[in-house]
Structure formats: structure tokens, C-alpha cells
Amino acid sequence: MKKPAIGWSKFTKGNGSDPKDWFSYKCGYCDNNVSGYVVAYAPKLKWLQCPTCGNGSVYDHDQKIVFPTSAFGPEINGLPDEVGLV
Ligand SMILES: [Zn+2]
């Protein structure tokens, strides 16, 4: 069995008792600003779980972006009126 390029030994799991086990971000699934639980750490990434909808996201330390990004923002202006009524 092949080992992944990054050794799993570099991954750390929090247990929720440390403030760094929580990360504030905007969830791309439910569009809420949440304090997500950090499921696991890697040198450049954090795996997050949304406490509101339970979906997972990934935070990229280099780009400082949470994936997936919110599907609802930024607000799109100039939509036809019919769309705004939905
Ligand atoms: Zn969510």
C-alpha cells in the first residue's frame, strides 16, 4: 500500500477543548458565520465541520480561503425583477 505524499503523522486531531480546535468562518453550505470544529490539521490545511449544517469545509492557510466558498455571496446585483421575487 502506497503512503500519501504527506505522512499521516503530520496530521493532528483536536478534541474540542483547545480554542484552536475551533475556527470562525462562513459556511459555504448553509451561508452562516459559524465557529466550526477543526476536525483535523495538516501543515497547510484545516478540515472544518459546520456546527449548523454539519457539512465539511477545508481552510487553506496559504490562500486564507475556506472551500467551498459561499454560494450566496457576494450579492449579485442587476438580476431581473422576477428572480428577486423567488
Ligand atoms: Zn453550514
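**View 1. The hairpin of strands E3 and E4, with Gly54 in its turn.** E3 and E4 form a hairpin with six residues between them, and Gly54 in the turn has a positive phi of about 85°. Strands are DSSP runs of E with at least two residues, helices are runs of H or I with at least four residues, and both are numbered from the N terminus. This is a predicted model, in which local features need pLDDT of at least 70 and side-chain atom pairs count only at pLDDT 80 or more, while totals for chains, interfaces and linings use all residues. Residues are numbered from 1 along each chain as its sequence is written. Strand E3 covers 45-49 and strand E4 covers 56-60, with Gly54 in the loop between them. The two strands pair in the antiparallel sense over five bridges, where pairing requires that DSSP finds at least two bridges between two strands. Leu48 has Ser57 in E4 as its bridge partner.

View 2. Gly54 counts as exposed because 10 other C-beta atoms lie within 10 Å. Gly36 is 18 residues from Gly54 in sequence, and the C-alpha atoms of the two are 9.2 Å apart in space.

**View 3. The hairpin of strands E4 and E5, with Lys64.** Strand E5 takes in residues 65-67 and pairs with E4 in the antiparallel sense over three bridges. Asp60 has Ile65 in E5 as its bridge partner. Four residues lie between the strands of this hairpin, and Lys64 takes a positive phi near 55°, a positive value in a residue other than glycine. Lys64, in the loop between E4 and E5, is exposed because it has 7 other C-beta atoms within 10 Å.

View 4. The peptide bond that runs from Phe67 to Pro68 is cis, and its omega is near -10°. Pro68 itself belongs to the loop between E5 and helix H1, which spans 81-84.

**View 5. Asp31 in the loop between strands E1 and E2.** Asp31 is placed between strand E1 (22-26) and strand E2 (33-41), and its phi is near 65°, a positive value in a residue other than glycine. Asp31 counts as partly exposed because it has 14 C-beta neighbours inside 10 Å.

Conventions. Buried ≥ 20, exposed ≤ 12 C-beta atoms within 10 Å, placed from the backbone.
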